[in-house]
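The sequence and the structure are shown below.

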Amino acid sequence: MADADTARLCIEIVHAHFGPLAAKVSSILLTRGRLPMPQIVRFSALKPRTVRAIILSLVQHNLLWHAELEIEGEVLEFNEEECLMRLRFGRFITLAGQTMGEPASHVVSTVLKHGKLRQAEMLQHLTISDSKESSKYLQAINTLVTGAYLKPSTKLSHISKTDRLLRLEANLRKDHKGIPTAKDIVQWKIEAEAKVKREDEDAERIGMKRKAKDESNHRSNKRKIEAEDVVDETVYFRVNHDKFNIHIRNNIIEQAARERFNNATAIVLRATLNSTEAKQRTVDDVRSDPVSVANISMHLSGDDDLASGIALTSSSSHVPSTHTLLKEYLAILACADNPTPAGRAASFVSVGGGGTGKVQVEFEIICRRLRQRVLEAVARERYGDDAVRIIRVLLDTDKMDEKHVTKVAMLSHKDVRPLLSSLSSDSLISLQEIPKGNDRNPARTFYLWFVDLKKAYSVLLGNIHKTLFNIISRRLAEEEDPMVKSVLEKRARSDVMNDESLLTRTEREILREFESRREKLSVLERRVEEVAFILRDLAVVGQLDVG
């Protein structure tokens, strides 16, 4: 079950997208856990037909999971992760238009609006005027499916991954004889996760099918028959969030390189990411596939001026070649001048040895650094630079007592004690008690401070969800204002839509102020949601984030 802040946010999202009745059903599932259909009807006090229609709508939009239990039978469970992804739908549509053109953005928008669709249904909902435009949309659908931006909606996608893992682990435990050890339990978890991953990959291979294509030669009577891959018209497709999340992650990494170095370095890193982007399927990757320097140079455009971002010696009269400059930038990104653990922790890429020279983007190192930067930014905003210094000291040296923190951080004792107390109250740092004896006397106990990153990130993410809830609630409250509501209803009239001069000067001023406030709230929501993306979605590769 989700925590209170996440549950409130999900209920507000469902209320904004589906209405108050769907929000009521979602609230019951979020607060009470998985329930069968009769109990949902009982707790919601709605008609069975209404509840059935709401459940069908939420299942269509992938917000509910099914599960078959031995006693309760079929139960329904709310999918919080899918609900939170709805905050990025606008960004998904924009990314589709930027990478694959306007027809692809229309297709993605249509699929997001209806949850899951077949190819014929996508074309039916799109506004198509002629056959030429239809062929563009068909090509866009083919590109989206082959590029894994649209994935098949299978039976397994409607079952909770946790249920599948538990079922597989139970089967492995049943086949085991004797008392299982800790090593056996870990091995079962690994085998269950691998099997679930294989099942998902096998189930999602049904999107394309082979179709014979006749090619007649006008110079002879022979016909050449070839096979081509086309979209299977019987398969329902849904948007693959992981593929769009990869673009968001890559844009954040590129921006981080631009902030740390310069624009030319960010261009080189973007070319490195683009060279392996087709093979990137999820944000779970620890590092990218190896790619050669020559392949990276092919993804650079002719307008990219790499010489402007690096200091050249004044004695040299000629500008180095692109290949030479590219190697220099890759050495900078790999921190080749600092071959220490600290240098590796600050790198963006790694260059393979053994004469291969293959380049890999280190996603795990970068994402761990991005999440730590969020933690430090929160500490700096609340308590200043001294709090950031204390957090960095604790991260570098693990557990320390108060006197040791004061000595290493080079701060006065009267400044360190209140900072430690404040950081601990916000769960940014934690306290470990080590008693000297079994009596646990406080006078004979060591108190060591350390940073529990998992706990700190969890608390920060809860605060981020609370902020997103407040932003969405504020936007809905702005729309419910009586004066704004009356002006919006008047603008929705057909005669006013054709001629906005029918609005009075006061009404136009109210409308202008409302649109300005809504735009500011949208920008704020996007920035806050990007922080939530770093803390939640990039946590999968942060396996080294342990306190």
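Which helix gives the most residues to the lining of the second largest pocket? In this predicted model, that helix is H17, with eight residues.

## The second largest pocket

The volume of the second largest pocket is about 670 Å³. Its lining comprises 21 residues. Ala-345, Ala-346, Arg-368, Arg-369 and Gln-372 are those that lie nearest the centre of the pocket.

Five helices each contribute at least two residues to this lining: H12 (241–260), H16 (341–345), H17 (363–383), H18 (385–397) and H21 (453–479). Classified by residue type, the lining of the second largest pocket consists of 12 nonpolar, eight charged and one polar residue.

The largest cavity holds about 80 Å³ of space.

Two elements supply two or more residues to the lining of the largest cavity, namely helix H7 (102–114) and strand E6 (237–239). The lining is made up of His-61, Asn-62, Glu-82, Arg-86, Phe-89, Val-111, Leu-112, Gly-115, Arg-238, Val-239 and His-241.

What are the numbers of nonpolar, polar and charged residues in the lining of the largest cavity? The lining divides into four nonpolar, four polar and three charged residues. Among the residues that line this cavity are Glu-82, Arg-86 and Arg-238, which belong to the charged class. Phe-89, Val-111, Leu-112 and Val-239 also line the cavity and belong to the nonpolar class.

Methods: Residues are numbered from 1 along each chain as its sequence is written. This is a predicted model: local features need pLDDT of at least 70, side-chain atom pairs count only at pLDDT 80 or more; totals for chains, interfaces and linings use all residues. Side-chain values use heavy atoms; hydrogens and water are left out. On a 1 Å grid over the protein atoms alone, a cavity is a set of points where a 1.4 Å probe fits but cannot get out, and a pocket is an open set with protein on both sides within 12 Å along at least five of seven lines; lining residues have an atom within 4 Å of a point. Grid points are joined across faces, edges and corners, and a volume is the space filled by probe spheres set on the points. Helices (H or I, at least four residues) and strands (E, at least two) are DSSP runs, numbered from the N terminus.
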